[in-house]
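Hi,

Here's the structure I promised to pass on.

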Amino acid sequence: IAETVGRLPHRTTTAVADAEVALQALAAAPSQQPPALLRGAMRGLDFLIRGNQKLKTPDALTKERLRAVAVLASDPSDVELAAVRRDAWLAVLAATAADASLVDEGLDDQDAQVRRLAVAAVANVQVPDATKRALLLRALGDPSFNVRYSAVQAWSRTLQPQDCGPLLRAAEDRSEEHT
């Protein structure tokens, strides 16, 4: 139901705001919520944000809740909560709600797809290039090919004019792991 609330065609700013408040409430105290409910709320917020960018930008509480769910601690074997964090990161990307500390936490996640999405956020993070460089160099050393590939893409979009050395080294990556 929460996902559907985000997908509905909201025609006014007030309707978007009402849906946003309802979805925010579902993301309160995320560690106490069932994963299915959180996943629906994250997907709903993602669809709401992406589909209504012209009507309303997400408010501070929405961004705060998305950030909290994106780094929700869980057992590394808990695939349900990993999926919830992935959906939260997608919404964080849509809301441009990431900062360097959130990306840093995301790079520590056990789930490679969460780490990949954290890397994707680097391009929109408003920090000095040195901070972006440090985050992307860390991601270029990730054990997952997908994370390293995203780091190459982010580097190309943000830092390539200054230094292409890490991209040249990444091109020499002979890793067999492509998952």
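On H4, the face turned away from the buried side carries two exposed residues, Ala-60 and Glu-64. This is a predicted model, by the way. The buried residues of that helix, which spans residues 60-70, are Thr-62, Leu-66, Val-69 and Ala-70. Looking down the axis of H4, you'll find them within an arc of 105 degrees, so they line one face of the helix. As for what sits over the buried residues of H4, the cover includes helices H2 (13-26), H3 (35-51) and H5 (79-95).

Next, the loop between H3 and H4, where you'll find Pro-58. Pro-58 has a relative accessibility of 15%, so it counts as buried, the cut-off being under 20%. Setting aside neighbours within four places in sequence, Pro-58 is in contact with Glu-20, Ile-49, Lys-63 and Ala-95. Its C-alpha atom is separated by 14 Å from that of Arg-43, 15 residues apart along the chain.

The axes of H8 (residues 129-140) and H9 (residues 145-158) come within 8 Å and cross at roughly 150 degrees. Angles over 145 degrees count as roughly antiparallel, so that is how H8 runs relative to H9. Their crossing is left-handed. Residues making the contact include Leu-136, Leu-137 and Leu-140 of H8, and Val-147, Ala-151 and Trp-155 of H9. By class, the contact has nine nonpolar, one polar and three charged residues.

Cheers

Conventions: Residues numbered from 1 in each chain as written. Predicted model: local features only at pLDDT ≥ 70, side-chain atom pairs only at ≥ 80, totals over all residues. Heavy atoms only, no water. Axes fitted to C-alpha atoms, helices over the stretch in contact; angles between N-to-C directions. Helix = DSSP H or I, 4+ residues; strand = E, 2+ residues; numbered from the N terminus. Parallel < 35°, antiparallel > 145°, perpendicular 65-115°, else oblique. Left-handed = near helix turned anticlockwise from the far one by under 90°. Contact = heavy atoms within 4.5 Å. Nonpolar A, V, L, I, M, F, W, Y, C, P; charged D, E, K, R; others polar. Buried < 20%, exposed > 50% of the residue type's maximum accessible area, 1.4 Å probe, protein only. Arc of directions from axis to C-beta.
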